[in-house]
Amino acid sequence: PPHTMILLRSAAAATVEEEVPTERFRRWIGGGMKQMHRVPRTLWLVSAITALLPVSLEGQVAPTVRLIREGCPACRIELDTLVRITDPTGEGGLARGPLGRDAGGRWLVASGATPGLIAIYDSVGRFVRLAGGRGDGPGEYRVIGGLVPSRDGSLRVLEAFSRRITRLDPDFKVQSTDLMAEFVLVDLAHIGEGDEVVLASSSNPRSMGYPLHRLREGKVVFSFGATDPDYRRDKAWLSRRNLSYSPSSGLWTSEIHRYRLERWDPESGELLDRVDRVAPWLPAMEPPFRLDVEGGDPPKGGLVGIHIDQDELAWVMLRVPDQSWRRGIGEGSDPYGRPSVVLTDANLVWDTVVEVVDLQAGIALARMRFDRVVTGFAWGVDGTAMAVLYEESSLGFPSVTVVGLRLSRGPTQFP
């Protein structure tokens, strides 16, 4: 049977019926349509009608749609500076790109001076050496889009445009490389020996619109991560997600154009939980991160990232327009010479909001606002939520500060 009717209960105890496709339905649609010409028309028609009959799946856990409410007025977010990496010599070539901390405590930064190099720093931010190289050979990279460390000390290097996943051992020696020709890679979760889930957009009609793709030994087993996988080229952001993996609760994703968090089963691809956030402080986020201000409206916000920590709390990062956002906007021209608005200082246009949510209770515990752009969350293995702040001195020397986020008791953080 292709689908099941599942009851979804909201926080207000209202009951809604929603069709949640199962993996068999996705395979039936994706693969079966190609074989339609081989099946007698009458048999296909009977099969199609039978497929539309709702049935129940024994043992299925019905996802619960919940609304996050604010609580814990005494909770607050505190910051701990974990490391500040400076690179005045240009050896590591700091950039705004991917940054992670491996199981040994080393900091790994994608080089900005020479794309394809990985700059390695010790636990206190001292430069150690470079790994990798620019190219297409083993251990070489074009543009590094992700540095995903694992608990066993290995590292996954994602190349968004070259569409490769390279797996390195703790000494940065190549273990394997897989070409993912159909995917633009964004993130990865290592869920077991030989088992991974990649966050990627796909050009394959069978997986287009699904943001998550289950890999086994580097091969795609199935795609999932959306209950409505319709893909529209003019609204590609509808299928884009952020990803976080917890060994305890599994895979969590967030949409980028609204505050919606979803938990997925990496074994079956089924939706297990959905949490929505509605609050007066949330900005308009459709289309996300859009600087379309000619009509006088503020820039659109967006959801930058999600991180599930060791206590199963969700840290959610959003970009919102600054109250004085016009300070960071200037006048310029487009490629055709026509007058246009241009971004002169992103830190003046956008602020960053970080909120911590108890997913089990459905409560937003605390919120903090940064008067600047925060790059995103750093990759790590110990569960610590780490925010990355990129800066440049007046002379143009870059530095990266990584701060740990933790929940503490104190005065309310809610305005």
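Buried means under 20% relative accessible area, exposed means over 50%, and partly exposed is anything in between (1.4 Å probe, protein chains only). Keep that handy for the exercises below.

This is a predicted model, where local features need pLDDT of at least 70 and side-chain atom pairs count only at pLDDT 80 or more, while totals for chains, interfaces and linings use all residues. Residues are numbered from 1 along each chain as its sequence is written, and side-chain values use heavy atoms, with hydrogens and water left out.

**Exercise 1. Work out whether Phe-224 is buried or exposed, and which rings it pairs with.**

Step 1: Start with accessibility. Phe-224 has a relative accessible area of 0%, so it is buried. Phe-222 comes out at 11%, so that residue counts as buried too.

Step 2: Check the rings. Rings of Phe, Tyr and Trp (its six-membered ring) pair if their centres lie within 6.5 Å; planes under 30 degrees apart are called stacked, over 60 edge-to-face, and the rest tilted. The structure holds 3 aromatic pairs. In one of them, Phe-222 and Phe-224 have ring centres 5.4 Å apart and planes at 50 degrees, so this pair is tilted.

Step 3: Now try Trp-264. Its ring and that of Phe-224 are 6.3 Å apart centre to centre, with 65 degrees between the planes, which makes the pair edge-to-face. Phe-224 sits in strand S16 (residues 219-224) and Trp-264 in strand S19 (residues 260-264), so the pair ties together parts 40 residues apart in sequence. (Strands, E, are DSSP runs of at least two residues, numbered from the N terminus.)

Step 4: Ring pairs link Phe-222, Phe-224 and Trp-264 into a cluster.

**Exercise 2. Find out which strands pair with S11, and which way its side chains point.**

Step 1: Look for partners. Two strands pair if DSSP finds at least two bridges between them. Strand S10 (residues 155-159) pairs with S11 in the antiparallel sense over 5 bridges, and 5 bridges also join S11 to strand S12 (residues 174-179), again antiparallel.

Step 2: Follow one residue across. Ile-165 is the bridge partner of Leu-158, and Ile-165 also stands opposite Asp-178 in S12.

Step 3: Inspect the turns. The S10 and S11 hairpin has 4 residues between its strands, and Arg-163 in the turn has a positive phi of about 60 degrees.

Step 4: Sort the side chains. In a regular strand they alternate between the two faces of the sheet. Here Arg-164, Thr-166 and Leu-168 point one way, Ile-165 and Arg-167 the other. With 5 of the 5 residues of S11 buried, the strand is largely enclosed by the rest of the structure.

**Exercise 3. Say what the side chain of Arg-164 reaches.**

Step 1: Arg-164 lies in strand S11 (residues 164-168), and at 9% relative accessibility it counts as buried.

Step 2: Look at the backbone oxygens.

Step 3: Widen the view. Contact means heavy atoms within 4.5 Å. Not counting residues up to four places away in sequence, Arg-164 touches several residues, including Tyr-141, Val-157, Thr-177 and Leu-185.

Definitions and conventions
A polar contact is a pair of N or O atoms within 3.5 Å; within protein, one must be able to donate a hydrogen and the other to accept it, and residues adjacent in sequence count only if both atoms are side-chain atoms.
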